[in-house]
Amino acid sequence: MAILEIKGVTKSFGGVKAVEDVSVNVEENTLLGIIGPNGSGKTTLVNIITGFIKPDKGSVFFKGKELIGLPPYTITNLGIGRAFQMVKPFFHLPAFKNLIVPLSSKRVRSTSGGGYGDKDAIALDILEEVGFERDSSVPYKTASVLPHGYLKRLELARLISLKSEIFILDELFSGLSIAEVTSILPIIEKILFEGNTVIMIEHRLKELFRIANKVIVFNFGRIIKEGAPKEILEDEEVKKAYLGVEV
Amino acid sequence: MFVYGLINSAVLALMALGFNLTFGISGIANFAYGAIYVVAGFITWAFINHLNLPYAVSAILTIIIIGIFGALVYKFIIKRIRGLVISEVIATFGISIILLELLRFIGLIGFKYSLPVFIDGSVEILGVYVDIQRLFIIGLGILVIISLYVFTHHTKTGLAFRGIAQEEHTSLSLGINPDRIASLSMGMGSALGAFAAIVILPLGTITVDSGYDVLINALSVCIVGGLGSTFGVIIASFIIGYTQTITAMYLAPHWTMIVSLFAILVILVIKPSGLLGHQKELEERV
Amino acid sequence: MKKSVVSLFIFLSFFLFTFSASAQQYITLGIPTSLKLIEGHEGQKAAQLAIEEINAKGGVKVGNEKMLFKLEALDIRDGEPGVPVSEALLGIEKLILDKKIYAAVVGNFRSEALLAAMDIYSKYKVINIGTIAMTPKFQEKILSDKEKYKYSFRGALDSKYASGYVQSSMKFLNKEFGYNKVYIATQDVLWANAIGSLMEKWFKDNGWTVAAFDKYPVGATDFSAGLMKAKSAGVQVIMAIFDMPTSGILVKQWKSMKVPALLTGFISPLTGSKAWKTFGQDIEGVLESVWEIGYFPIKAYPPSVKFSAAYVKRWKEDIQSGHGAAPAYDTVYILANAIEKAGTLDSEKVVKAIEETDMAGVVGRIKFDNGHQLIFGDDPKQTACGGVFQWRKGKMLLVWPESIASDKIQKPAWMK
Amino acid sequence: MKNRENYRKERIDRCIKARSDDIYALSSYKEMWYLIFPRVVPIIGIAILAYFLPLYWKKVVITTCIFAMLAVSWDFLSSCGLLSLGQALFFGIGSYTAGCLNHYFHFPIYLTIPIATICGGFISTILLLPVIRLRGIYFAMVTLILPLMLARGIEATHVFGGNEGITGLSPFPNVWVELTFIIAGMWAALFALRRFISSDYGLIFVSIRDNDRATMASGINIYAFKAQALFIGSSICAFCGAFMTHLYMFTGIPVFTMEFSILPIAASAIGGIGTLAGPLLGAFILVPLSEILREFGSLRVVFYGLVLVVCVVALPEGIFHYLSRKYNEMERWVRLE
């Protein structure tokens, strides 16, 4: 059974249909890639799944439970973690303290027995996992001075510390160098290996297609193509939508 | 009642437009707006009574002086703290109390300060007498709105205004100088305030305290209308204006404030970004 | 730049220590009020005038030595909207503790500030004679605990007496012209509401029809709704009680909307001689109350003529406010007389002496009642006195009370 | 002065602070003094000042402390992303609660103040609960409107003494009690909040201000946290209100005036937003300053405005930030290579 079912979701903003009648099933422990031109409704769909926007129509089921109408924090606590496209960490806090917030969430507290363990240590462990050099000063630096690459890693670390089951990564690779992307890819593979599900919205098609199990293509708020990466690559309609973008 | 509700709305709209213009373009909440309004009234009064200038000349001079003053305030004060919203508010509020209390200190208190009306007399409309000045307010209000529209949609500076308002960074890359635009917007906002003062003040006397009232009025109209939206301001001033008139008519005048504040509250709870601020809804309400 | 700001602060905080109380050679009188509002401003000038007169004669005799008066005015801004009462009270405490005032005159502006200040005054045992705030709650509070609040007096009119004067003019209108429909508009503050409700009751008891009774918040700028109500109800009299500057708008709107009713009551922008300059022909025939006589010369009562002349001589302009200034002048004399009579500065004894005061002042004969309120009546030779005047051709003609009136109420020419 | 052409100014942090704020590696008394100095000196300084000043200035210190607490509470709320323009609301509710308890039920002063503190916080939170979803200036507008509305409401309905308020409430026994009480309250509020906000639990409040969406996406019910913050912040203000009520034996509509909302913000802007101590410093500059300026008579408010503008423009970061930077770093000239 699909872990996440999206059924007939529609949302319009003042006459513009941002998402129109979208239905997708996400299978457990797979990586779903979502691609499409800017403004085609990908982020809106993510906002709907995570509860930030209420759709006009349609429903979303997580393990058979309806998500529409639940506030974002409840959805997060159910196990759907979401990384933002525009990274805005908690700028006033040091990097490792950034993780104290998700570590204080209901989900983490209930899974770790409600105790107040050494959160700082857990946070530092997770940061090391996503590539913060433990023995350097980087994890202790205030988030506002961290470089872009580290902020993206911090987003990932947040989802890991939440013990999410579905990782929704909204353009995680945007603005990163090839070297940085290659160093983050293994982390995503590890997340998959641990039995989690990943949904990636991405413009870096090359990297995405290497790890994706299934890819859907958005244009004007609709799914125009759905299939294995290979099929998508060869599809004419997709090429037209992505005209000018080298695949 | 219909007519006076209309007038009340027009007065509110005129008061709010200047504040709204500045805020909409440069994001500066000009808390000195009320003070500028009052100062404009006194300057015109001084021109007429001490320099014996004709009314029209002194009005135009006042508008120009106040406009320049607004731009200077931006250049010397606000520019240095641009982006620190709280500091901007505190600084402009500081300017406001300096201006108002200075006026009070000079001794501009009492009941003798009032501007002459444009044309004396009154006409009967729908069974009630309305003085011509009030009709002027409606007419000039409409005129200002139309000319603002033309300005922002058909002139180069106006288009630059809209550009900055919508996307500051992109406009920067297109060679629009945001400081120039912001100081212009401050200047124009203040000039509009002065204009409103000259049109509205002949209805009564010029008092220092009304500076604070004007600010509160402008602020609430702008918030209800959705900050920065001209059409929102118009609609909001109609809502608040008519609410006030109707309450005063059928309930009692001392309920007007409560009812209009309550209306604002309700609108904020239902539609937090104001009536016409829907594109920003997500940002204002999580 | 930054350094200079910091050093400015250090300098200013040193200021704090350098203040020390000045030695008390004078009898210091404090004026805690809103000096920037007209009643407070003119009250201060009038008190100043009285003090200069007394000092010119060598001062007050306390026991065997003569002492001079000194005035300490402090703007506590309590009449302005948005100023918390605590700030006003702190100002009063400054006068009492820092300036070591012996007594306070003129006093608080807003009624709630006065009521709150009474506790402060009784705490420090400082005599105070207020001449601005008009709430009748003042006497109630004094009578509720006479021993505690005995230091507070009021040398001016209160709302009850005020409505008395309005009533007499209404009686006259009713009798002479047969008017019996009225619209009441008051400023939504304590004293004005008190007058308004007293009047409403009186009107109803005396067979008048009250079309409506509206309370306008301070700072209101639109009175059209009420005026329309009045017009459609066909009232002949509009009774307005206002002391805020924007109430001038009421007059302008009343005129421009052509409401065929006589404007009466108390509208502070209309009380002074400059009103004619501001409003001109518009206010022809308006009936305006005078809370305390004396601020403009009344031939039938010589002290008022003398006072107005002295005031104009000293300050080069005449008094604009129909409330507060003339009694402030009297207050200083009340204090001076009481101190001389008591022969000491001991406040207990001086309070006693003030209670027994019986003298001829600018506002009439001065006597306090049991609630420490100045007694008002219809004849300045018997009691203190207020009145009603009518604006006619740029002149203020006193029409009430009859004992000193120079003219009779006339129907304005444009009234039917 | 030597020729500085080939030199540049270098600023280095004094490296006494370890990696986080609560771990210190102290090796000498000097370093200990260095840490304690900024905390102890103001406490002792204000205490000495307060107890030895003439009576009137004691009163000024009391008022200053009240405004300082309001400012600290404002800064706390703004640290939690709740921009409030209505400290007067919380203050007024506390004041009215204490006043009513004392006047109608004759509760003694040592009961009214604690009850008003808790109840005031509670009532304020309940009142603002419907709009807790609003952000930024929209929340601010509501807080600005509510006190105005309450004041007008009391005026129109004549409840709780209506227009003239409730007077003749029980006073404090003497000025020493007043002083000790409010100064202790102020320091307690400041240090408790500073500690609280740097705790793991307090971090969540700061994170809401930084990015409330990311906080929600971290599984935190931000509304519950905002309500808690509101309760804490408004309780402090309610305490001030209750205190002021008994200080002046009076409560009435003026407790809702704008001054109680604006002065704390001004103090925070001058002192330095986000530090909690900064607003306190700001209040200790502004309120005594305004009292000193009484000497200037009517120009007082003008000067006051002038100081506001100059401070904000000259030191936009706030005095506290400036001082703490100067205190925690050394400057030296280094030769350019």
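These questions and answers concern a predicted model.

Colleague: Which chains share the most contacts?

Modeller: Five pairs of chains are in contact. Chains A and C do not touch, and their nearest C-alpha atoms are 26 Å apart. The pair that shares the most contacts is chains B and D.

Colleague: Which helix supplies the largest share of the side of chain D that touches chain B?

Modeller: On chain D, 35 residues are in contact with 31 residues of chain B. Helix 5 (136-157), helix 8 (212-216), helix 10 (259-271) and helix 12 (300-314) of chain D each supply at least two residues of that side. The largest share, 11 residues, comes from helix 5 of chain D.

Colleague: How many residues of the side of chain D that touches chain B are nonpolar?

Modeller: Charged residues number six on this side of chain D, and polar ones four. The nonpolar residues number 25.

Colleague: Is B:Leu14 buried or exposed?

Modeller: B:Leu14 lies in helix 1 (residues 2-26) of chain B. Leaving aside neighbours within four places in sequence, its contacts include B:Ile137, B:Gly141 and B:Val144. The cut-off for burial is 20 or more other C-beta atoms within 10 Å. B:Leu14 has 25 C-beta neighbours inside 10 Å, so it counts as buried.

Colleague: How far apart in space are B:Leu14 and B:Val144?

Modeller: In sequence, 130 residues separate B:Leu14 and B:Val144. C-alpha to C-alpha, the distance is 8.3 Å.

Colleague: What does helix 6 of chain D reach from its first C-alpha to its last?

Modeller: Helix 6 of chain D has 24 residues. At 1.5 Å a residue, 34 Å is expected. The helix comes close to that, reaching 35 Å.

Key
Residues numbered from 1 in each chain as written. Chains lettered and ligands numbered in written order. Predicted model: local features only at pLDDT ≥ 70, side-chain atom pairs only at ≥ 80, totals over all residues. Contact = placed C-beta atoms within 7 Å. Helix = DSSP H or I, 4+ residues; strand = E, 2+ residues; numbered from the N terminus. Nonpolar A, V, L, I, M, F, W, Y, C, P; charged D, E, K, R; others polar. Expected span 1.5 Å × (residues − 1). Buried ≥ 20, exposed ≤ 12 C-beta atoms within 10 Å, placed from the backbone.
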